[in-house]
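Dear colleague,

I am handing over the structure below, and my notes on what was found in it follow. Please read them with the model open beside you.

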Amino acid sequence: MIVLKEAKNIAELKKFVKFPFSLYKDSKYWVPPIINDELETFSSDKNPVFKDAQAQFFLAYKNNKIVGRIAAIINWIEVNQQKVKKMRFGWFDFIDDIEVSKTLLKKIEAIGKENNLSYMEGPVGFSNLDKVGVLVEGFNEIGSMITWYNHPYYVNHYLELGFTVEKEYLENKFLFSNAKPEFFEKANTLIKKRYNLKAINFTKTKEVMPLANKMFDLFNETYASLASFVPITDIQKEYFKKKYISFINPEYIKFIVDENENLVAFSIVMPSFSEALQKANGKLFPFGLFHLLKAKKNSKDVLFYLIGIHPEYQNKGLTAIIFSEYYKTFADKGIQNCIRTPELSDNTAIRQMWKHFNPEVFKKRRTYRKNLS
């Protein structure tokens with residue numbers, strides 16, 4: 001018999017966060033989160049997303065042992081303002097027992113129906129800056145700090161329980177040596193001159209912070225047309241600045257401004273923290289912070305985390321400026337591998353942007369949907 005318990009206090013939420021540590025203890029590819037960081041994500045006192053969203057966290061027990069977990073999420077901006085009546089679920093992990101996954105998903109279904117929602121979709125987070133999708137290809141590739149890893153059997157559970165594919169995401173990588181300057185240097189010069197644009201580079205995190213709000217505003221404008229997009233609120237901007245910007249080398253943040261100093265494009269690249277997080281094993285102290293700082297400074301792999309271009313400047317070649325700036329930075333730092341975070345498989349514009357670098361699709365992930373009516 002499967003028993004569900006809601007995790008409400010810190011002790012129970014710690015069990016929720018720590019369950020994957022046992023589920024993946026023998027995996028070479030799973031990348032553990034920092035436990036306290038996960039707890040902060042789930043705290044209504046610390047995470048401002050709870051101003052516009054609600055979440056419940058459930059643990060599944062069998063013979064008094066934890067065998068699964070799931071987060072039930074409703075983003076009220078999405079439901080009330082965007083009229084997308086979606087019941088979200090994420091942080092969904094379970095042993096290979098169909099009764100476990102079925103019981104957890106039935107709970108999500110019940111909450112969705114109680115709130116008159118039309119369908120459930122997952123795995124997703126609170127917003128577009130959270131992790132997304134269950135891995136369906138690429139199980140023998142190391143995960144990252146911004147994606148979920150899972151066992152291959154997860155997909156079979158979705159299908160057996162009547163879910164259908166909602167969205168597919170691709171993850172690509174390419175060798176830095178594939179980024180030949182002749183692909184973008186000439187265009188870089190022409191586009192800067194044609195539109196009176198200039199690139200801004202940074203050497204210190206404190207230089208980025210005063211401009212970070214403009215970056216999040218542009219992020220909202222760039223992705224507003226996507227069906228799954230939920231905008232970042234003003235209160236969330238402060239939280240994300242604290243949570244993400246300090247993790248990123250300032251040299252890996254590039255801005256492009258027009259003649260009036262208006263931000264028209266930005267890009268954020270992160271060093272790969274995967275191996276450092278595996279060594280940290282969920283804890284910053286005593287040695288986890290050392291491993292993360294070492295990776296921040298020395299990692300030869302980088303993740304293209306976000307690129308935002310103002311709608312008026314899309315399809316005008318601004319990526320040539322971005323690539324030109326990164327080429328100089330990466331050459332100096334001896335970067336070897338460039339990894340792209342999950343991108344919707346039907347986003348042809350993104351594929352065109354990277355075509356000259358001979359990218360390889362090395363992972364696929366999907367979200368799954370089930371109607372509630």
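Because K106 and E109 are 3 residues apart in helix α4 (residues 98–114), about one helical turn separates them. K106 and E109 form a salt bridge whose closest N and O atoms are 3.8 Å apart, a salt bridge being a side-chain nitrogen of Lys or Arg within 4 Å of a carboxyl oxygen of Asp or Glu. The structure holds 22 salt bridges. Helices (H or I, at least four residues) and strands (E, at least two) are DSSP runs, numbered from the N terminus.

Some words on the basis of these notes: this is a predicted model, in which local features need pLDDT of at least 70 and side-chain atom pairs count only at pLDDT 80 or more, while totals for chains, interfaces and linings use all residues. Residues are numbered from 1 along each chain as its sequence is written, and side-chain values use heavy atoms, with hydrogens and water left out.

**Cavities and a pocket**

On a 1 Å grid over the protein atoms alone, a cavity is a set of points where a 1.4 Å probe fits but cannot get out, whereas a pocket is an open set with protein on both sides within 12 Å along at least five of seven lines; lining residues have an atom within 4 Å of a point. Grid points are joined across faces, edges and corners, and a volume is the space filled by probe spheres set on the points.

There are 8 cavities of 30 Å³ or more, and the largest cavity holds about 140 Å³ of space. Its lining consists of 17 residues, with W30, P33, R69, K131 and W148 nearest the centre. Two or more lining residues come from each of α1 (10–23) and β4 (86–94), and α1 gives the most, with 3 residues. The lining of the largest cavity divides into 10 nonpolar, 3 polar and 4 charged residues, where Ala, Val, Leu, Ile, Met, Phe, Trp, Tyr, Cys and Pro count as nonpolar, Asp, Glu, Lys and Arg as charged, and the others, Gly among them, as polar.

The second largest pocket has a volume of about 520 Å³ and is lined by 27 residues, of which S272, S274, E275, S299 and D301 lie nearest its centre. Among the elements that each supply at least two residues of this lining are β7 (164–175), α10 (274–280), α11 and β14 (360–371). The lining of the second largest pocket comprises 7 nonpolar, 10 polar and 10 charged residues.

**Aromatic pairs**

The count comes to 44 aromatic pairs, taking rings of Phe, Tyr and Trp (its six-membered ring) whose centres lie within 6.5 Å, with planes under 30 degrees apart counted as stacked, over 60 as edge-to-face and the rest as tilted. F42 and F57 form a tilted pair, 4.6 Å centre to centre with 45° between the planes. This pair links distant parts of the chain, since F42 sits in the loop between α2 (35–41) and β2 (53–62) and F57 in strand β2, 15 residues apart.

**Backbone details**

The peptide bond from G122 to P123 is cis, with omega near 0°, and P123 is found in the loop between β5 (119–122) and β6 (134–137). A cis peptide bond also runs from F285 to P286, with omega near 5°, and P286 lies in the loop between α10 and α11. E261, a residue other than glycine, has a positive phi near 65°, and its place is in the loop between β9 (253–257) and β10 (263–271).

With best wishes
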